[in-house]
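This report describes the helices, the nonpolar core, the hairpin and the salt bridges of one model. The sequence and structure come first.

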Amino acid sequence: MILPDKHISIGNSLLGVGSIIIGHLNKPRTVTSLWEDLSKIPEVATFERFILVLDLLYMIGAIELDEGLLHKRHQ
């Protein structure tokens, strides 16, 4: 589910959905505004999956939450 394999395509894996989310974080955004944009994308599918991907991105250090806004982590 996290990584693609022979049964799960890259678009349906959590990392694949993470790349979609990162692509929409061009500027700091609230979780709500990001969800409003991404809820229409079939790969994201549900709010639960969206939150799982945000958790994964946060755990690997790809995104940060600062004063209620999500943004890409600059390295």
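In which helix is Tyr-58 found? Tyr-58 is found in helix α3. The model is predicted, so local features need pLDDT of at least 70 and side-chain atom pairs count only at pLDDT 80 or more, while totals for chains, interfaces and linings use all residues. Residues are numbered from 1 along each chain as its sequence is written, and side-chain values use heavy atoms, with hydrogens and water left out.

**Helices and core**

Helices (H or I, at least four residues) and strands (E, at least two) are DSSP runs, numbered from the N terminus. Helix α1 covers residues 14-23, and its buried residues are Leu-14, Gly-16, Val-17, Gly-18 and Ile-21. Buried means under 20% relative accessible area, exposed over 50% and partly exposed in between, with a 1.4 Å probe and protein chains only. The buried residues of α1 pack against α2 (31-38) and α3 (47-59).

Leu-14, in helix α1, counts as buried because its relative accessibility is 6%. Leu-14 and Arg-49 lie 35 residues apart in sequence, with a C-alpha to C-alpha distance of 8.0 Å.

The largest nonpolar core has 15 residues, of which Ile-21, Leu-34, Leu-38, Phe-50 and Leu-54 touch the most other members. Helices α1, α2 and α3 each supply at least two residues of this core, and α3 gives the most, with five residues. A nonpolar core here is a set of buried Ala, Val, Leu, Ile, Met, Phe, Trp, Tyr and Cys residues joined through side-chain atoms within 4.5 Å. Leaving out residues up to four places away in sequence, Leu-38 touches Ile-20, Ile-21, His-24, Val-44 and Phe-50; contact means heavy atoms within 4.5 Å.

**Surface patch**

Tyr-58 counts as exposed, because its relative accessibility is 53%. Together with Leu-15, Met-59 and Ile-60, Tyr-58 forms a nonpolar patch on the surface, with about 460 Å² of accessible area in total. Patches are made of residues with over 30% relative accessible area and no salt bridge, with like charges joined within 9 Å and nonpolar side chains (Val, Leu, Ile, Met, Phe, Trp, Tyr) within 5 Å. Accessible areas come from the Shrake-Rupley method with a 1.4 Å probe, and for residues only the protein chains shown count as cover.

**Hairpin**

Strands β1 (residues 63-66) and β2 run antiparallel and are joined by four bridges; two strands pair if DSSP finds at least two bridges between them. Ile-63 stands opposite Lys-72 in β2. The hairpin has two residues between the strands, and Glu-67 takes a positive phi near 55°.

His-71 is found in strand β2 (residues 69-72) and is buried, with a relative accessible area of 19%. Apart from neighbours within four places in sequence, His-71 is in contact with Leu-25, Pro-28, Ala-62, Ile-63, Glu-64 and Asp-66.

**Salt bridges**

A salt bridge is a side-chain nitrogen of Lys or Arg within 4 Å of a carboxyl oxygen of Asp or Glu. By this rule there are two salt bridges.

| Salt bridge | Closest N to O distance |
|---|---|
| Asp-37 and Arg-29 | 2.4 Å |

Asp-37 is partly exposed at 41% relative accessible area, whereas Arg-29 counts as buried at 12%. Glu-64 is partly exposed, with 31%, and Arg-73 counts as partly exposed at 41%.
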